[in-house]
Amino acid sequence: MNKKALLTIFIFAITIILIIWCIFAVFGSSTEAVVSIFILIVVPVAGLVFRPIRDDIESSIDGFFTSENAYKICIFGRSGSGKTTFIETAFTLINPNTDRKSTLFFDYYQFKAQVTLKDSIDIEIADYRGQNPSQIILKAPEKFFGFEENRQLNALLFIVDLIPKRKDEYDHILNDEALLTWLKTDDPIEVIEKRIREHYEYINEGVLELLFSSLYSDKLKSVKLLINKTDLVNKLVDDGYVTLTSGSTVEEYARKRFQLMIKNISRACQELEIDDFSVLSISAKKPGTLNPIISDLLNKRS
Ligand SMILES: Nc1nc2c(ncn2[C@@H]2O[C@H](COP(=O)(O)OP(=O)(O)O)[C@@H](O)[C@H]2O)c(=O)[nH]1
Ligand SMILES: [Mg+2]
């Protein structure tokens, strides 16, 4: 809770106590009637006074209910990069009974993962639907992330892609086939370059600094950069629309495009002594590529 909210509550409480004390002192035997009238006035006044800080108060109360034992993962990346697809593919496959709770800007997924025959672990993952970095950086919900001084996040996954999502004239998202047809009639290299620039605008040095300073605690052990949609780039390579330098793979191609971002995230991790930083090329639609990532995160959790 911020200082303004605390100060408002403090001043309000002191004022009420003083007024009630004065009522007792002045009215003596008819105190009860006066206090009742006073409370009738105070309740709506309190509503008005606390309205500007209501979100703060609610969020702070939520912070007391954060589950400190669960393994918490947050996924950060530009709209369309595959956050929701990644979570749905990875986690609903581990446990189809994944529990999803939604707020205005966040979806929270909760489930149990069986780590060994005897040992299972509660996992919670946050996907921010609103897509604005400020929703995580400035308004990280305390129910999931814990209080600012006691953050509970265990893993931060950055996600980027090389191919943007695209909608048709009816506002429907193009499926892979239609997307590839559109790419091939456009200039696929230019589309890829533009998309990469968009990710650099979204995950830049400034955002990284703000993000880590908002979410970091010594519980944050793992950071990964996931380069998504390699299946689509593979198809473009196979069909001759993207040419790789001889002997290189789509993974190497993707990694090279995000070299500076990798350097920036790596440096941020080094400064915070987060040893587990890795870069992976994935296709969020393919479950086989995701399960090792989840196992790896869980293995490094302690
Ligand atoms: N071909 C392909 N499409 C993907 C992949 N990951 C996500 N998509 C598609 O990209 C679009 C945006 O994905 P979504 O998960 O909604 O992105 P979010 O905005 O980051 O949550 C959807 O149409 C997904 O089907 C992938 O690995 N391969
Ligand atoms: Mg989404």
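The crossing of helices H9 and H12 is right-handed, where a crossing counts as right-handed if the near helix is turned clockwise from the far one by less than a right angle, and as left-handed if anticlockwise. The structure is a predicted model, in which local features need pLDDT of at least 70 and side-chain atom pairs count only at pLDDT 80 or more, while totals for chains, interfaces and linings use all residues. Residues are numbered from 1 along each chain as its sequence is written, and chains are lettered from A and ligands numbered from 1 in the order in which they are written.

Helices are DSSP runs (H or I, at least four residues) numbered from the N terminus. The axes of H9 (residues 205-215) and H12 (residues 259-271) come within 10 Å and cross at roughly 30°, with axes taken as lines fitted to C-alpha atoms over the stretch in contact and angles running from 0 to 180 degrees between N-to-C directions. H9 is therefore roughly parallel to H12, since angles under 35 degrees count as roughly parallel, over 145 as roughly antiparallel, 65 to 115 as roughly perpendicular and the rest as oblique. Glu205, Leu208 and Phe212 of H9 make the contact with Asn264, Ile265 and Ala268 of H12, contact being assigned if the C-beta atoms of two residues, placed from the backbone, lie within 7 Å. The residues of this contact comprise four nonpolar, one polar and one charged, with Ala, Val, Leu, Ile, Met, Phe, Trp, Tyr, Cys and Pro counted as nonpolar, Asp, Glu, Lys and Arg as charged, and the others, Gly among them, as polar.

For H10 and H11 (residues 250-257), the packing angle is about 115° and the axes are 10 Å apart; the two helices are therefore roughly perpendicular to each other. H10 passes H11 in a right-handed crossing, and the contact involves Thr230, Val233, Asn234 and Val237 of H10 together with Val250, Glu251 and Ala254 of H11. By class, the residues of the contact of H10 with H11 divide into four nonpolar, two polar and one charged.

Ligand 1 is surrounded by 18 residues, of which the closest are Gly82, Lys83, Thr84, Thr85 and Ala284 (C-beta atom, placed from the backbone, within 6 Å of the molecule). Helix H4 (83-94) and helix H10 (230-238) are the elements that give two or more residues to this shell, and the largest share, three residues, comes from H4. The shell has three nonpolar, nine polar and six charged residues.

The chain is divided into domain 1 (3-52) and domain 2 (69-299), with bounds from an automatic or database domain assignment. The centres of the two domains, taken over C-alpha atoms, are separated by 50 Å.
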